[in-house]
Amino acid sequence: MSKYVALPKGVSETTFDKAIAEFRKILGEANVLTSGAQLAPYSKTMLAVPDGDKQPSAAIMAGSVEDIQKIVGVCNKYKVPIWPISTGKNLGYGSAAPGERGQVVLDLKRMNRIIEVNADLCYALVEPGVTYQQLHDYIRERNLPLWLSCPAPSAIAGPLGNTVDRGVGYTPYGEHFLFSCGMEVVLATGEVLRTGMGGIPKSNTWQVFKWGYGPYLDGIFTQSNYGIVTKLGIWLMPAPPAFKPFCIRYPDETDIVEIVETIRPLRIAMIIPNAVVISSAIWEAAATIRRSQYYSGTGQIPDEVLRDLAKKNGIGAWNVYAALYGSPEQIEVNWNIVKAFFGKSKKAEILTEKELGDNPAFRYRADLMRGDMNLQEFGLYNWRGGGGSMWFAPVSQAMGSETLKQMQMAKRILGKRGLDYVGEFIVGWRDMHHIVDVLFDKSDPAEVKAAYACFEEMLKEFTAEGYGNYRVNTAFMDKVAESYGPVQRSVFRKIKKALDPNGILAPGKSGIRI
């Protein structure tokens with residue numbers, strides 16, 4: 001019986017012993033973890049697959065770029081695969097666990113330096129272990145006139161990891177990769193690449209000009225396994241003189257058509273400059289309400305129960321959140337335009353801070369839209385309980401008919417297996433991110449089976465209708481990669497072979513292997 005809880009694929013225990021010994025020589029005993037108890041935080045997922053499928057063989061904690069260079073040397077020598085993570089809080093997408101059993105988790109949380117924050121040019125340069133809370137505190141402690149853009153997990157997630165996985169936020173800077181500028185990447189060879197202007201010695205434009213010279217490389221290091229990103233430049237938003245968050249509620253599920261048709265021209269024209277969130281009744285309710293308070297039966301929660309819940313708690317079937325930014329004069333002009341657009345509807349209930357005050361759902365959204373830390377979204381996991389969550393994330397055009405179609409498809413497929421539709425739409429400039437949280441009880445084998453089957457069926461049906469997922473959990477990476485066709489997968493594989501010929505960096509990430 002092996003002394004390890006798992007072994008990397010194709011690596012013997014004797015060979016792994018040698019690799020672990022070299023990791024310890026580089027990092028010290030305390031930063032190389034191999035026991036079951038030590039690896040527990042890296043083994044648990046919220047996915048509808050056995051945690052054993054994602055069991056790492058070890059976790060190693062690098063403290064510097066030089067450490068990583070030495071680590072990849074060991075990995076190439078012994079053909080040991082590593083799975084890099086930053087903060088490991090990618091909940092619902094795989095958390096800190098590796099993509100495949102036996103991979104070594106390369107935990108970068110010790111690399112947590114905020115290297116620079118430039119208040120004049122409004123940018124930061126950070127390492128992987130920096131959290132949004134850490135950067136937020138740094139800015140506030142120095143009274144810098146800057147705002148962050150953060151995802152819903154906010155405080156515990158990190159800007160480098162979220163951006164490299166192409167996550168989004170809720171301020172006008174919410175398309176995080178779009179507002180990144182300059183990467184440092186350790187390649188599988190141990191070479192250190194600085195993208196863009198970073199290749200120029202003594203450059204002071206690395207974080208202000210994205211393109212540099214020649215092919216633009218930054219994109220290939222997002223959602224990939226071509227290198228380990230060790231530094232990232234991010235653009236920060238100048239703190240506006242004024243900020244006006246608002247909420248617009250609609251009573252019926254079919255109102256999503258009217259909502260999107262109203263919002264689209266306002267977003268494209270940048271009258272509303274941030275990503276607009278359209279949250280469903282359950283998403284809204286989960287902040288403060290548990291499912292069992294209103295329904296203890298089997299199957300998907302009935303529409304009439306949901307309507308009763310919404311009515312009693314002042315929740316819409318859809319709840320639209322957006323904000324205006326700028327001078328008071330700018331906001332007044334744009335607010336009049338927003339009111340005129342939504343005022344055409346007989347159904348829209350237009351609400352501001354004046355009416356909603358300390359309403360917890362509104363406060364949560366307002367915090368996110370100003371880049372403040374708020375973990376209220378995790379209330380979603382209390383809605384049903386049981387610790388199971390998988391994010392399904394198809395994209396559509398910002399067209400009302402498309403969003404209604406997607407909502408009805410998801411609700412029907414989830415309902416077949418007794419799961420609730422817990423969804424929201426996030427309006428980009430011309431696209432919609434449709435985020436569906438497949439919530440289930442991971443301790444119940446029947447629900448685990450149902451959740452996996454739901455996710456698989458949604459992926460199949462949405463793909464057949466031309467809807468691709470922009471992001472997915474580690475249990476479905478291959479299936480999503482397949483949905484984008486063989487030519488793209490072939491190109492990805494060719495790049496992988498060129499940059500990582502031994503396939504040591506996160507094999508299987510986004511379906512990419514040598």
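Residues are numbered from 1 along each chain as its sequence is written. Because the model is predicted, local features need pLDDT of at least 70 and side-chain atom pairs count only at pLDDT 80 or more, while totals for chains, interfaces and linings use all residues.

**Exercise 1.** Determine how the axes of helix α6 and helix α9 are oriented to each other.

Solution. Helices are DSSP runs of H or I with at least four residues, and strands are runs of E with at least two, numbered from the N terminus. Axes are lines fitted to C-alpha atoms, for helices over the stretch in contact, and angles run from 0 to 180 degrees between N-to-C directions.
- Step 1: α6 covers residues 256-268 and α9 residues 328-343; their axes come within 10 Å and cross at roughly 155°.
- Step 2: α6 and α9 are therefore roughly antiparallel (angles over 145 degrees count as such).
- Step 3: On the α6 side, Thr262, Ile263, Pro265 and Leu266 meet Ile337, Phe341 and Phe342 of α9, where contact means heavy atoms within 4.5 Å.
- Step 4: Sorted by class, this contact of α6 with α9 has six nonpolar residues, one polar and no charged ones. Ala, Val, Leu, Ile, Met, Phe, Trp, Tyr, Cys and Pro count as nonpolar, Asp, Glu, Lys and Arg as charged, and the others, Gly among them, as polar.

**Exercise 2.** Find the strand order of the open sheet of four strands, and its edges.

Solution. Two strands pair if DSSP finds at least two bridges between them.
- Step 1: The order is β1-β2-β4-β3, with mixed pairing.
- Step 2: β1 (32-33) and β3 (82-85) are the edge strands, each pairing on one side only.
- Step 3: β2 (residues 58-61) and β4 (residues 104-107) pair in the parallel sense over four bridges. Methionine 61 has aspartate 107 in β4 as its bridge partner.
- Step 4: Helix α1 (residues 13-27) lies across β1, β2 and β4, at about 20° to β2.

**Exercise 3.** State how many residues of strand β13 are buried, and name its pairing partners.

Solution. Buried means under 20% relative accessible area, with a 1.4 Å probe and protein chains only.
- Step 1: β13 spans residues 276-280, and five of its five residues are buried.
- Step 2: One side carries Val276, Ile278 and Ser280, the other Val277 and Ser279.
- Step 3: Four bridges join β13 to β18 (residues 423-427), running antiparallel; valine 276 stands opposite valine 427.
- Step 4: β13 also pairs with β14 (residues 318-326) in the antiparallel sense over four bridges, with serine 280 opposite tryptophan 318.

Methods:
Heavy atoms only, no water. Parallel < 35°, antiparallel > 145°, perpendicular 65-115°, else oblique. Buried < 20%, exposed > 50% of the residue type's maximum accessible area, 1.4 Å probe, protein only.
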